[in-house]
Amino acid sequence: MKQLLSALLVAAASLGHAQVTTVEVFANSATHVQQPAQPPYVLKVYRLDAMAQIGQQITQQLPAGEEQAKLYMQQHEAQIRAKYKSQIVNAANGMSLAIHYKLDRVPAVVINRSSIIYGVSDVNQAVQLFLQSRGR
């Protein structure tokens with residue numbers, strides 16, 4: 001099976017067809033990202049304002065007084081960490097990648113870790129634009 005897949009990839013490359021293997025979408029919480037249900041590539045969506053959103057959610061749960069807020073945080077730290085861990089990791093990875101790719105605006109779709117398409121929040125449309133540009 002692996003040999004067949006390798007042969008198909010080599011054949012597609014020799015015909016000049018572009019292959020999409022990874023798609024990374026960078027947006028903020030106000031942007032509606034349209035995603036395919038089961039894409040044939042790795043798809044990641046990063047919300048670049050996620051850390052601020054998480055901070056607001058945590059702040060809303062805190063009691064009004066400073067001492068009560070400190071006590072609340074001490075008592076609930078483990079639960080808060082568990083609840084937000086994956087979101088914080090995703091947000092940090094997204095920020096790091098956005099800096100790595102030198103993105104200067106959102107939405108941005110990065111295909112195969114090299115091609116950047118700005119201003120498109122529909123993943124299928126971004127992939128089609130990428131494939132059209134490679135087909136010329």
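Start by selecting Lys-102. Lys-102 is exposed, at 69% relative accessible area. Now check its backbone: phi is positive, about 60 degrees, and this residue is not a glycine. Most residues other than glycine have a negative phi. Lys-102 sits in the loop between α3 and β3. Keep in mind that this is a predicted model.

The peptide bond from Val-106 to Pro-107 is cis, with omega near 0 degrees. Most peptide bonds are trans. Pro-107 lies between α3, residues 66-101, and β3, residues 108-111.

Next, move on to Asn-112. Which loop holds Asn-112? The one between β3 and β4, where β4 covers 115-118. Phi of Asn-112 is near 55 degrees, again a positive value in a residue other than glycine. Is Asn-112 buried, partly exposed or exposed? It counts as partly exposed, at 22% relative accessibility. The cut-off for buried is under 20%, so Asn-112 at 22% does not count as buried.

Now show the helix pair α2 and α3. Select residues 50-61 for α2 and 66-101 for α3. The two axes come within 11 Å and cross at roughly 160 degrees. Angles over 145 degrees count as roughly antiparallel, so α2 and α3 are roughly antiparallel to each other. The crossing is right-handed.

On α2, pick Ala-50, Met-51, Ile-54, Gln-57, Ile-58 and Gln-61. On α3, pick Tyr-72, Met-73, Ile-80, Lys-83, Tyr-84, Gln-87, Ile-88 and Ala-91. Colour them by class: the contact of α2 with α3 has 10 nonpolar, 3 polar and 1 charged residues. Lys-83 of α3 is among the residues that make the contact.

Finally, zoom out to the whole chain. How many helices and strands does the chain have? There are 4 helices and 4 strands. Colour by element and follow the chain from the N terminus: α-β-β-α-α-β-β-α.

Switch to a surface view. The accessible surface of the chain comes to about 9,300 Å², and 55% of that belongs to carbon and sulfur atoms. Colour by burial next: of the 136 residues, 28% count as buried.

Terms used
Residues numbered from 1 in each chain as written. Predicted model: local features only at pLDDT ≥ 70, side-chain atom pairs only at ≥ 80, totals over all residues. Heavy atoms only, no water. Helix = DSSP H or I, 4+ residues; strand = E, 2+ residues; numbered from the N terminus. Buried < 20%, exposed > 50% of the residue type's maximum accessible area, 1.4 Å probe, protein only. Areas by Shrake-Rupley, 256 points an atom, 1.4 Å probe, with all protein chains shown as cover. Axes fitted to C-alpha atoms, helices over the stretch in contact; angles between N-to-C directions. Parallel < 35°, antiparallel > 145°, perpendicular 65-115°, else oblique. Left-handed = near helix turned anticlockwise from the far one by under 90°. Contact = heavy atoms within 4.5 Å. Nonpolar A, V, L, I, M, F, W, Y, C, P; charged D, E, K, R; others polar.
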